[in-house]
Structures are given as C-alpha cells and as structure tokens.
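Hi,

Here is the structure I promised to pass on to you. Have a look at it first, and then read my notes below.

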Amino acid sequence: MTKATRNQRSHTEQMRLSMRVVEESATSIDQVLRTLNSNKQGLVENDALEVIRKENLKSF
C-alpha cells in the first residue's frame, strides 16, 4: 500500500467520524447512550475493552 493510499484511507476515516459526530449532535443524550450501550456513569473497563475489540474487528 502506498503512502498516498494510506493518507486517503486516513482522510476517509476522519470524514466518516466527523459525519458521525454531526449526526450524533442532533440526537438526545439518552438515545446516544442506548446506541452505545452505555449510561451516564460510563462504561466499566471490560465493557470498554469489548467496544474497542469490536471496533478493531470492523477495520479488518
């Protein structure tokens, strides 16, 4: 993979995340917490690790 390809992928990922932030900004806090399977107290460590693991699997 060339450096240009990596940069394009990075830029595309940043744009995707930016759009998600815009979309979520119009959503109620309660809905965002349900979507993230979280609560106002946050995630316990094991839940946070599971979220990270699932996100890493999506990138493959």
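Ser28 counts as partly exposed because its relative accessibility is 41%, which falls between the limits for buried (under 20% relative accessible area) and exposed (over 50%), with a 1.4 Å probe and protein chains only. You will find Ser28 in the loop between H1 and H2. From Ser28 to Gly42 there are 14 residues in sequence and 16 Å in space, C-alpha to C-alpha.

Please keep in mind that this is a predicted model, where local features need pLDDT of at least 70, side-chain atom pairs count only at pLDDT 80 or more, and totals for chains, interfaces and linings use all residues. Residues are numbered from 1 along each chain as its sequence is written, and side-chain values use heavy atoms, with hydrogens and water left out.

On confidence, the chain has a mean pLDDT (the predictor's confidence in each residue, from 0 to 100) of 85, with 98% of its residues at 70 or more. H1 has the lowest mean, 84, and helix H2 (residues 29–35) the highest, 88.

As for the fold, the chain has three helices and zero strands, in the order α-α-α along the sequence. Both are DSSP runs numbered from the N terminus: helices are H or I with at least four residues, strands E with at least two.

The chain has a radius of gyration of 15 Å, whereas a compact globule of 60 residues would be near 10 Å; this is taken over C-alpha atoms, and the globule rule is 2.2 Å times the number of residues to the power 0.38. Its C-alpha atoms fill a box of roughly 40 × 30 × 15 Å along the principal axes.

Finally, the pocket lining. H3 (45–58) and H1 (3–25) each supply at least two residues to the lining of the largest pocket, and H3 gives the most, six. A pocket here is an open set of points on a 1 Å grid over the protein atoms alone, where a 1.4 Å probe fits, with protein on both sides within 12 Å along at least five of seven lines; lining residues have an atom within 4 Å of a point. Of the 14 lining residues, Arg20, Thr35, Leu36, Val51 and Glu55 lie nearest the centre.

Best wishes
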